Amino acid sequence: MSGRELFCQPRRVRRGAALTLVFAGLLVTGAATGAFPDPGQADRKTSGGAARSAAGHDEVARAAAEAMADGKSPMEAAERAVSRSGDRWAAVYSEGEYQEFEEALDGQYTGVGLWARRERDGRIEVTKVQTGSPAATAGIRKGDRLRSVDGADVDGRPVTDVVSLLRGDATDARAGTTVTLGLERGTRAWTETLRRALLSTDSVTVRKLSTGITVIKISAFTRGSGELVRDAVRRAPVDGGIVLDLRGNSGGLVSEAVTAASAFLDGGLVATYDVDGAQRALHADAGGDTARPLVALVDGGTMSAAEMLTGALQDRGRAVVLGSRTFGKGSIQMPTRLPDGSVAELTVGHYRTPSGHTVDGRGITPDLEVGAGALERAETVLSGLGDPS
């Protein structure tokens, strides 16, 4: 198992905590401009679901306000109210946690710039060091062994725990705070104290295979990622196919996923969704590439906005989908700021694919079930789809 500092579990493990913010960028903007109904002011006659979600926000906000007035923790009161709501994706975040997620949506994270994995014997090995990061400046290299973080032995621990220590999750550590690493390289053992920094992520990577196929890997839909996908498609050889790798993509900003869909579709429907009973639709821009053969790779880590994109390409007949069934999160959360600065998110709606399929709890079934060797299988499928010219 491997991991990097951005995609770690949240600082407090809650139901759905790692999976929220799927629609957050869209919904925060929408709520501010009036494009979506305020859950607290929703017309309770529109639907039972609308009434329940609005009531849920009201209950959580009221519990937090009452706790604040009594000198108790609004966040803890909100967590208790959320746990009673029965909303599987609801979550409450501290102010620092929510800021962390917002940074992640901007394509940033606070850390030292290390990727790591746990070997079979339990050792934690550095697999990559981000250029220009504190770890790179300190001379840490790929292949170095990470023995400890701030004095805590990391051998045998899950990578997510190690990443959490590197980021300083337990203390809401910010950029500029220090972390001391125990390292080993061959016979040399030493400690290195680094200052965490706000670092940029590479949410979209592109590589060309010897067969002429372009592989576009989207790790998350951060701001600007959709346009990076469109640019990669424009630069791809006209006589080669494209593999869109969405494996392990936990979602992100829906607006960016729609922009990515626009790279492969000539307009048309991407998804429909409801917010407190109000029906909406998301459409691709016209002018996308509809000629090059396209394969989308998915797995059980493909979630949320990535599932929305997959469903659009599959339903519209634009891509052959390979891999395993996706995670199955098709719900929409609306954030509510609480008196102490923490944020509660409750589900207010769900989205559907262009053919009307519900994703939440079901996921998307690939056209071809593939386990190991998915990329090689994708190359074979692309060769069978023929020359787009």
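**Exercise 1. Which residues do ring pairs link into a cluster, and how is the pair of Trp 89 and Phe 327 to be classified?**

Before the solution, note that this is a predicted model, in which local features need pLDDT of at least 70 and side-chain atom pairs count only at pLDDT 80 or more, while totals for chains, interfaces and linings use all residues. Residues are numbered from 1 along each chain as its sequence is written, and side-chain values use heavy atoms, with hydrogens and water left out.

Step 1. Apply the ring criterion: rings of Phe, Tyr and Trp (for Trp, the six-membered ring) pair if their centres lie within 6.5 Å, and planes under 30 degrees apart count as stacked, over 60 as edge-to-face and the rest as tilted. Searching the whole structure in this way gives three aromatic pairs.

Step 2. For Trp 89 and Phe 327, the ring centres are 6.0 Å apart and the planes stand at 50 degrees, so this pair is tilted. The two residues belong to distant parts of the chain, 238 residues apart, with Trp 89 in the loop between α3 (74-85) and β2 (91-93) and Phe 327 in the loop between β17 (320-323) and β18 (331-337). Helices (H or I, at least four residues) and strands (E, at least two) are DSSP runs, numbered from the N terminus.

Step 3. Compare the accessibilities, where buried means under 20% relative accessible area, exposed over 50%, and partly exposed in between (1.4 Å probe, protein chains only). Trp 89, at 4%, counts as buried, whereas Phe 327, at 36%, is partly exposed.

Step 4. The cluster linked by ring pairs consists of Tyr 93, Tyr 98 and Phe 101.

**Exercise 2. Locate the charges that sit over the rings of Trp 115 and Trp 190.**

Step 1. The criterion is that NZ of Lys or CZ of Arg is within 6 Å of the ring centre and within 35 degrees of the ring normal.

Step 2. Over the face of Trp 115 lies Lys 128, at 4.6 Å from the ring centre. Over the ring of Trp 190 sits the charged end of Arg 188, 3.8 Å from the centre of that ring.

**Exercise 3. Describe the open sheet that contains β11, and follow the pairing of β11 with β12.**

Step 1. Two strands pair if DSSP finds at least two bridges between them. The open sheet has six strands in the order β11-β12-β13-β16-β17-β20, and its pairing is mixed. Its edge strands, each pairing on one side only, are β11 (204-208) and β20 (368-369).

Step 2. Strands β11 and β12 (residues 214-218) run antiparallel and are joined by five bridges. Across this pairing, Val 206 stands opposite Ile 216, and Val 204 stands opposite Ile 218.

Step 3. Five residues lie between the strands of this hairpin, where Gly 212 takes a positive phi near 90 degrees.

**Exercise 4. How many salt bridges are counted, and what does the bridge of Arg 318 and Asp 289 tie together?**

Step 1. With a salt bridge taken as a side-chain nitrogen of Lys or Arg within 4 Å of a carboxyl oxygen of Asp or Glu, the count comes to 20.

Step 2. Arg 230 and Glu 227 meet at 3.2 Å, N to O, and, being three residues apart in helix α7 (residues 225-235), they are separated by about one helical turn. Both belong to a salt-bridge network that also includes Asp 231, Arg 234, Arg 235 and Asp 285.

Step 3. The side chains of Arg 318 and Asp 289 form a salt bridge at 3.6 Å, N to O. Arg 318 lies in the loop between α9 (305-315) and β17, and Asp 289 in the loop between β15 (278-283) and β16 (294-298), so this bridge ties together parts that are 29 residues apart in sequence. Arg 318 is buried, at 11% relative accessible area.

**Exercise 5. Identify the largest nonpolar core and examine the surroundings of Phe 264.**

Step 1. A nonpolar core is a set of buried Ala, Val, Leu, Ile, Met, Phe, Trp, Tyr and Cys residues joined through side-chain atoms within 4.5 Å. The largest has 42 residues, and those with the most contacts inside it include Ile 216, Val 229, Leu 244 and Phe 264. Helix α9 supplies the largest share of this core, six residues.

Step 2. Taking contact as heavy atoms within 4.5 Å, and leaving aside neighbours within four places in sequence, Phe 264 touches residues including Val 229, Leu 244, Asp 289 and Arg 318. Asp 289 and Arg 318 are the salt-bridge partners of the previous exercise.
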